Amino acid sequence: MNTRRSVLKTIALATGSTAIGHGLLRAQAPSNSTAAPSPVPAPNTDSEGVFKLPPLGYDYDALEPFIDAETMKLHHDKHHATYVSKLNQAIAKAPDFERQTVEQLLASLEKLPETIRNDVRNHGGGHSNHTLFWQLLRKQEKAAPSSELAKAIDKAFGSFSAFEDKFTETSMKLFGSGWVWLAWIPAAKKLEIQPTPNQDSPIMTGAVPLMGIDLWEHAYYLKHQNRRADYIKAFTQLINWGFVSERFSKLG
Ligand code: MN3
């Protein structure tokens, strides 16, 4: 059952102690109320918008040779930055919603004015998805899910290698641009592999994205061209299972 409590928990996880926390990404509201209020609020320009591009968190070449530095630079500095900028442009048209986190916006798209709903879906989804994506990637010798997460993976898919096969197969089959996720479904209390089109997020259907692969060609075309299978293999070798396990442990 998708209770209010589980939805709040979902939001708390998505916005909690990771860099997704919007408190780290958004301008702080002034706490001193003695300052004279400005009668005309400054417009949100790209650099002053409520949503901010989070830092990549490591060097552009940190994931070589799996993902090349030029792809990382373009992907973070241009693609992700554009999602943030367009999300800011959209939300500036509905200031009542400016104080919500991007995850709160995505969890209740139906509450947004129709004029901005699609832009928030696309660019807010892009911002949230990429913020998670950067944190999922790490070059490391050996990485494995925690025993708690490994148990849940076994329960849902039979074994870790069966999960890997299904994740790869779903990623190969995804048509066009989108993502494939390992998501937690609170209502069913289980893990699921979920494809989403475009920049849609599992958050939009009440699920919690634990990790996901960006299958837009901009994520891999410079290095791998049309060889999506090579990129998927590179991605699976970079999954920061320590980070994913930590997200899983916070589900409660
Ligand atoms: Mn991308």
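A salt bridge is taken here as a side-chain nitrogen of Lys or Arg within 4 Å of a carboxyl oxygen of Asp or Glu. Glu 246 and Lys 250 form such a pair, with their closest N and O atoms 3.3 Å apart. The structure is a predicted model, in which local features need pLDDT of at least 70, side-chain atom pairs count only at pLDDT 80 or more, and totals for chains, interfaces and linings use all residues. Residues are numbered from 1 along each chain as its sequence is written, and side-chain values use heavy atoms, with hydrogens and water left out.

The chain contains 10 helices and 3 strands. Helices (H or I, at least four residues) and strands (E, at least two) are DSSP runs, numbered from the N terminus. Their order along the sequence is α-α-α-α-α-α-α-β-β-β-α-α-α. Of the 252 residues, 46% are buried. Buried means under 20% relative accessible area, exposed over 50%, and partly exposed in between (1.4 Å probe, protein chains only). The accessible surface of the chain is about 13,000 Å², and carbon and sulfur atoms account for 54% of that area. Accessible areas come from the Shrake-Rupley method with a 1.4 Å probe; for residues, only the protein chains shown count as cover. Contacts (heavy atoms within 4.5 Å) were also examined. Among those between residues at least 6 apart in sequence, 70% join residues at least 24 apart.

A manganese ion is coordinated by His 75 (NE2), His 130 (NE2), Asp 214 (OD) and His 218 (NE2), at 1.9 to 2.1 Å. Donors are N, O and S atoms within 2.8 Å of the metal (3.2 Å for Na, K and Ca); water is not among the atoms, so sites may look incomplete. The donor residues follow the spacing H-x54-H-x83-D-x3-H. Two of them, His 130 and His 218, link distant parts of the chain, 88 residues apart. His 130 lies in helix H5 (residues 114-136), while His 218 sits in the loop between strand S3 (208-214) and helix H8 (221-224). His 130 is buried, at a relative accessible area of 0%.

The whole structure holds 5 salt bridges. In one of these, Lys 173 pairs with Glu 169, the closest N and O atoms being 2.9 Å apart. The two residues are 4 apart in helix H7 (residues 160-173), so about one helical turn separates them. Lys 173 is exposed at 62%; Glu 169 is partly exposed at 43%. Asp 230 pairs with Arg 227, with a closest N and O separation of 3.0 Å. Asp 230 is partly exposed at 36%, and Arg 227 is partly exposed at 39%. In the pair named at the outset, Glu 246 is partly exposed at 41% relative accessibility, and Lys 250 is partly exposed at 34%.
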